[in-house]
Amino acid sequence: MEHLGKEHILIRPEDYDKNFSTLNLGPTHPATHGIFQNILTMNGETIIDAEQTVGYIHRAFEKLAERRAFYQITTLTDRLNYCSSPINNIGWQMTVEKLLGVETSKRIDYMRIIIMELARISDHLICNSVIGVDSGALTGFVYVFQEREKIYEIYEEICGARLTTNLGRIGGFERDFTPAVIHKIKEFIAHLPKVIKQFEDLLLRNRIFMDRTINVGGITADRALNYGFTGPCLRAAGVDYDVRVMKPYSSYGDFDFTIPVGTQGDTYDRFCVRQEEIWQSIKLINNALENLPEGSFHMEVPEFYLPAKEEVYSKMESLIWHFKIVMGEMDVPVGEVYHSVEGGNGELGFYLVSDGGRTPFRLHFRRPCFIYYQAFPEMVKGSFLSDAILTMSSMNVIAGELDA
Amino acid sequence: MEQPMIQNILLDKFQHEVINIDESSDMLTVTVRKQAIVEVIGFLKEELGYLFLTDLCGIHYPDQELALGVVYHLHNFQTNTRIRVKTFTSVATPEISTLTDLFSAANWMERETYDFFGIIFTGHPNLIRILNVEYLDYFPLRKEYPLEDQTRTDKDNRFFGR
């Protein structure tokens, strides 16, 4: 067992005469909010160095995907960033549509925007309320978790699942929004601003919270770009990069919304950027709901979109398509695409190489928090342990996305 | 900057290193010799403004002579263009220079690529496995390691796509 990497855990001989201590933060420490380990070298309360160990819940999705039909990969993407799984699902479906050359209608695009923005709200709510928890303010967390529950109820109404949603299909949705869905979304969106306001009243200008988060875990725009930051963490550092604007997918170009940016790149800025994004998401959902066009909720992609059940039982052709799709017997065109969406944490990319078989030849997920989490030691060096915990929660490192 | 211009600049500057330029896929795809990868990407970063390394991953084509590949996706925020750079190496000498001097983001992405494909990034500060256990003695995303138990006789691969 000597190859188990003990050299990272033991104190190095050259450090024997120093008064450094080693602290294992994780793998199952409650403050890490997920299973990953941080080995901190501490001088008293100050962090000298940090070393992350990741991979505790690595599930080999990229390898699994190489043996799965395209519709079966949606369930794998659920488990990347499980706080906003619909974004991952829809991102993957759009990647396949890009490879197949399927153009979706405005109605599908707007439905997708509504769901993706709901997911973004739920992701940001969790992250921001957890920053509150880690700085000692549990109340806000309890308030906003009620709202997250409502978002999950909306998912449930749409697709039947709550956390790992497997929402949507290649070419659209499995079923239309029912009146109940529309009602629930409207009710939720009408109520949410009040709760967000309440939450912001608790934390945004709270002296203790500000003292705990301002100038904690900061990073400059230059370093953030070099480290491949995307999403709220990059925007907090002052770079206005958002995939929704730079490469509008799913008709995001039809909507008017603002991309908030910070200046310091610290924990407080990340918190504020996420809060403002929630407000923008509310605006987007309202606009999309108002302008939701009539029409079909799926495109005609018979090779990949499962026919309606009634037709499967009554029509020969539908039965054949159903069988072929379920058995994964559909060949995909040869091609190579990279498609990215703005996930809860940043640019979630799918690099798909197809050799014309029935499964991807190679599928790579660009997981935003895997890429930017490597900046963690640089961000916490010289700060206190309690600051490191806040920095980690404000980076919103989700173990599922980290490890794929 | 327009795509044809970037092509011409690259062909001009690296005429011996660029193997192939392909415009047919969703972004400009340039295949270069592995000896020149740092030079080409450094040039793209410093001179042409591709400041952001979006993605780095490996790929394995077992039928090719140069079977192992690394695919880089770079992004120029100012012109909002992306470029894909590929380089290939053989399984016998899977060595490619590291990009960690240019992009700190390359550190873990190269470790991940090493972990799954066994591509050795020369000059990398800490090239150890990242997602798999340290004592794994193979590189799981190479095509010769099939996902399913190959001793099974009740399943015919022809029916499952591969």
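## Helix H4 of chain A

H4(A) is mostly covered, with 27 of its 29 residues buried, where buried means under 20% relative accessible area, exposed over 50% and partly exposed in between (1.4 Å probe, protein chains only). The model is predicted: local features need pLDDT of at least 70, side-chain atom pairs count only at pLDDT 80 or more, and totals for chains, interfaces and linings use all residues. Residues are numbered from 1 along each chain as its sequence is written, chains are lettered from A and ligands numbered from 1 in the order in which they are written, and side-chain values use heavy atoms, with hydrogens and water left out.

Helix H4 covers residues 106-134 of chain A. Helices (H or I, at least four residues) and strands (E, at least two) are DSSP runs, numbered from the N terminus. At 1.5 Å a residue, H4 should span 42 Å, and this agrees with the 41 Å between its end C-alpha atoms; the expected span is 1.5 Å times one less than the number of residues. After H4(A) comes A:Gly136, which has a positive phi, near 100°.

## A nonpolar patch on chain A

A:Leu138, A:Val142, A:Tyr143 and A:Leu202 make a nonpolar surface patch of about 330 Å². Patches are made of residues with over 30% relative accessible area and no salt bridge; like charges are joined within 9 Å, and nonpolar side chains (Val, Leu, Ile, Met, Phe, Trp, Tyr) within 5 Å. Accessible areas come from the Shrake-Rupley method with a 1.4 Å probe, and for residues only the protein chains shown count as cover.

A:Leu202 belongs to helix H6 (residues 179-203) of chain A. Its relative accessible area is 31%, so A:Leu202 is partly exposed.

## Chain B

Chain B has 3 helices and 7 strands, in the order α-β-β-α-β-β-β-β-α-β from the N terminus on. Of its 162 residues, 53% count as buried. Chain B exposes about 7700 Å², and carbon and sulfur atoms supply 48% of that area.

Among contacts in chain B with a separation of 6 or more, 50% join residues 24 or more positions apart; contact means heavy atoms within 4.5 Å.

## The interface between chains A and B

In chain A, 45 residues are in contact with 52 residues of chain B. The area buried between the two chains is about 4300 Å², with 57% from carbon and sulfur atoms. On the chain A side, A:Lys63, A:Arg67 and A:Phe361 lose the most area to chain B, together 17% of what that side buries. Buried area is the accessible area (1.4 Å probe) that two parts lose on being put together, summed over both.

The count between chain A and chain B is 6 salt bridges, each a side-chain nitrogen of Lys or Arg within 4 Å of a carboxyl oxygen of Asp or Glu. A salt bridge joins the side chains of B:Glu112 and A:Arg367 (3.0 Å, N to O).
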